[in-house]
Amino acid sequence: MNLPVRSSGQAVNHSAVKVVICLGAFLSNLSAGMFNISLIDIAADLRFPVASAQWIVSIYLLVISVLLPVMGRLGDRFGRRKVHNLGLFAFAAGALGCALAQNEAMLLGFRVMQGAGASMYQATNMALIVSVFPPGQRGRALGLMSTFVAAGSMAGPGLGGFLIQWFTWESNFWLLAGVAAAVGVLAHRLIPRDTETAGGRLDLAGAAWFAACLSSLMIAFDLGGRSSFLSPPVLLLLAASAGMAAAYTAHARFSRSRDKRGPLGEFPPADSGVSLFTNRSFAAGIAITVITYMAAFAAQLALPSLLRISGAEPAWVGLIMIGYPLALVVTAPVSGSIADRKGPLGILTAGLLLMSVTLLALGFGSPVLRTSAMVLPVMLLGCAMGMITSPNTSIVMGLAAKSQLGRVSSLLALSRNIGMMFGTAAGGLMIGGTGSPNGSYLAVFVVCAAAVGLSSVWQLYSFRHNSKRKGAEQLHIPYK
C-alpha cells in the first residue's frame with residue numbers, strides 16, 4: 001500500500017519496493033547454483049576441459065566477494081539506489097554476454113561482469129531496506145529477503161536442470177538477462193531516490209590488498225577440496241593469503257592514522273565516536289554470520305554423501321535436503337515479525353541454541369539414524385537458520401549510522417560468502433577425497449556446534465555489557 005510521502009516528496013509503495021529489492025537477492029543466489037548441472041555441456045560445447053568449467057561458478061562467487069566492500073562504499077558515497085539499480089543492469093548485460101559467448105575466455109569475462117553487477121545490489125539491498133522501511137517493518141522485510149535468498153538457492157539446481165534438458169545451456173543466461181533487466185526497470189521506477197550520501201575517499205590500494213587476500217584464500221580452498229589441504233601449493237596459497245591479510249591490516253592502520261575517516265574496509269567512527277568494531281554486539285553479529293553460514297553449508301555438503309552411502313536413492317536425498325530451505329522460507333519471516341514485536345535478542349539466542357543442538361545431533365546421530373529420520377534434523381537446521389538471519393541482521397544494521405549502512409550491508413554479504421567458503425572447506429574435510437565421510441566427520445560437527453553455542457554466549461554477554469553502558473532500551477530497538 002502507499003504510505004506517507006518521504007522527505008524527498010516521493011510516495012513509497014513499501015510492498016512493491018520490498019519485493020523488487022528481494023528479487024535481486026533471489027537472482028544472485030539463483031545464478032550461483034543453476035549452472036552446476038550444465039557445466040559438462042558448456043565445456044563440451046565450447047571445447048575446454050571439464051575441470052576448468054568449475055570456474056564458471058567459482059569466478060562468479062569470487063568477484064562478488066572481492067567487490068562487496070567496494071560497492072558498499074560506493075553506495076554510501078554516490079547513492080545506494082544508483083549502485084543497486086546499475087548493478088541489476090550490469091548483471092543483465094553480463095548474462096546476455098554469457099549467452100552469446102563463443103569461447104571460454106568470453107564466457108568467464110562476461111561472468112565476471114555478472115558477478116560485479118550482483119555485488120552492486122548485494123552490497124546495497126539491506127541498506128536500502130533499513131533506509132526505506134520504518135523500524136517496525138524492517139524485521140519482516142529482512143525476513144522476506146532471507147526467504148528469497150533461500151528460494152533462489154533452492155530453485156537454482158532444479159531450474160537449471162530443466163532448462164538444460166529441454167533447451168540449451170544458453171537458455172539459463174537468456175532467462176537471467178531478461179528477468180534482471182525487468183527487475184532493473186521496476187527498481188528504477190519504484191525504489192525512492194536517495195535522500196543522503198556520505199563523503200570520504202575510496203582507498204583503492206586497500207581494496208587491492210583485500211582482493212588479493214580473498215582471491216588466494218578461495219583458490220586455496222578450491223584446490224584443497226580437490227586434492228589435499230596439506231599439499232605444497234595449497235599451503236603456499238594459504239601463507240600468501242595470510243601475508244596479504246597482514247599487509248592489508250597494516251595499510252588500513254596507517255591510512256586511518258593519516259585520515260580519521262578511515263579507508264575502505266575500515267569503518268569510520270559512529271555517532272558515539274567509537275568504531276563499530278569496538279561495539280561487542282556488532283562484532284558478535286558479524287561473527288555469528290560467518291559461523292552459522294559455515295556450519296549450515298558444511299552440513300549441506302556432507303549430509304548428501306552420507307545418505308548416499310547409506311543406500312538412499314538420489315531423488316530421496318534431494319527431497320530430504322530440500323527440507324532445509326523450505327524450513328528457512330517458513331521460519332525467516334515469522335522470526336522477523338517476532339523480532340519486530342519482542343526485540344531481536346530472544347529469537348536470535350533461541351535460533352543459535354537450536355542450531356548448536358541440531359549440529360550435535362547430526363554429528364553423533366547421522367551414522368546410526370535411518371534415512372527417513374534425517375528429515376527432522378535437516379528441517380530443524382533450516383528453522384534455526386531462519387530464526388538467526390533476520391534478528392542478527394536487524395542488530396548489526398541497527399548499530400550502524402545512516403552514513404555507514406552501505407558498508408555494513410556489504411560487510412554482512414561478505415561475511416555470508418566467507419562463511420560459505422569455510423563451510424565448503426569443512427564439508428570437504430568431512431567427505432575427504434574419496435567421496436565418503438571420513439574420521440573428521442564427527443569432529444567438524446562438534447567444532448561447528450561449539451562455535452555456534454559460544455557465539456550465542458558472546459552475543460548475550462555483549463548485549464548485557466551494552467545495556468549497562470547505554471540503557472536497556474537498546475536491547476529492544478537497536479535501530480538508529
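Predicted model: local features only at pLDDT ≥ 70, side-chain atom pairs only at ≥ 80, totals over all residues.

How many disulfides does the structure hold?

Analyst: Residues are numbered from 1 along each chain as its sequence is written, and side-chain values use heavy atoms, with hydrogens and water left out.

The structure holds zero disulfides, a disulfide being a pair of cysteine sulfur atoms within 2.5 Å.

We turn now to the aromatic rings. A pair of such rings is described by the distance of the centres and the angle of the planes. Rings of Phe, Tyr and Trp (its six-membered ring) pair if their centres lie within 6.5 Å; planes under 30 degrees apart count as stacked, over 60 as edge-to-face and the rest as tilted. By this rule there are two aromatic pairs.

One of them joins Phe91 and Tyr121: the ring centres are 6.0 Å apart and the planes stand at 70°, so the pair is edge-to-face. Phe91 belongs to helix 5 (residues 80-100) and Tyr121 to helix 6 (residues 104-132), so the pair ties together parts that are 30 residues apart in sequence. Helices here are DSSP runs (H or I, at least four residues), numbered from the N terminus. Phe91 has a relative accessibility of 0% and therefore counts as buried; Tyr121, with a relative accessible area of 0%, is buried. Buried means under 20% relative accessible area, exposed over 50%, and partly exposed in between (1.4 Å probe, protein chains only).

Trp169 and Phe173 form a pair with ring centres 6.2 Å apart and planes at 90°, so this pair is edge-to-face. Trp169 counts as buried at 3% relative accessibility, and Phe173 counts as buried at 0%.

Leaving aside neighbours within four places in sequence, its contacts (heavy atoms within 4.5 Å) include Phe35, Leu107 and Arg111. Phe173 and Leu107 are among the residues that touch the most other members of the largest nonpolar core, which has 118 residues. Such a core is a set of buried Ala, Val, Leu, Ile, Met, Phe, Trp, Tyr and Cys residues joined through side-chain atoms within 4.5 Å.

Arg111, in turn, lies over the face of Tyr60, at 4.2 Å from the ring centre. A charge sits over a ring if NZ of Lys or CZ of Arg is within 6 Å of the ring centre and within 35 degrees of the ring normal.

Note on methods: Helix = DSSP H or I, 4+ residues; strand = E, 2+ residues; numbered from the N terminus.
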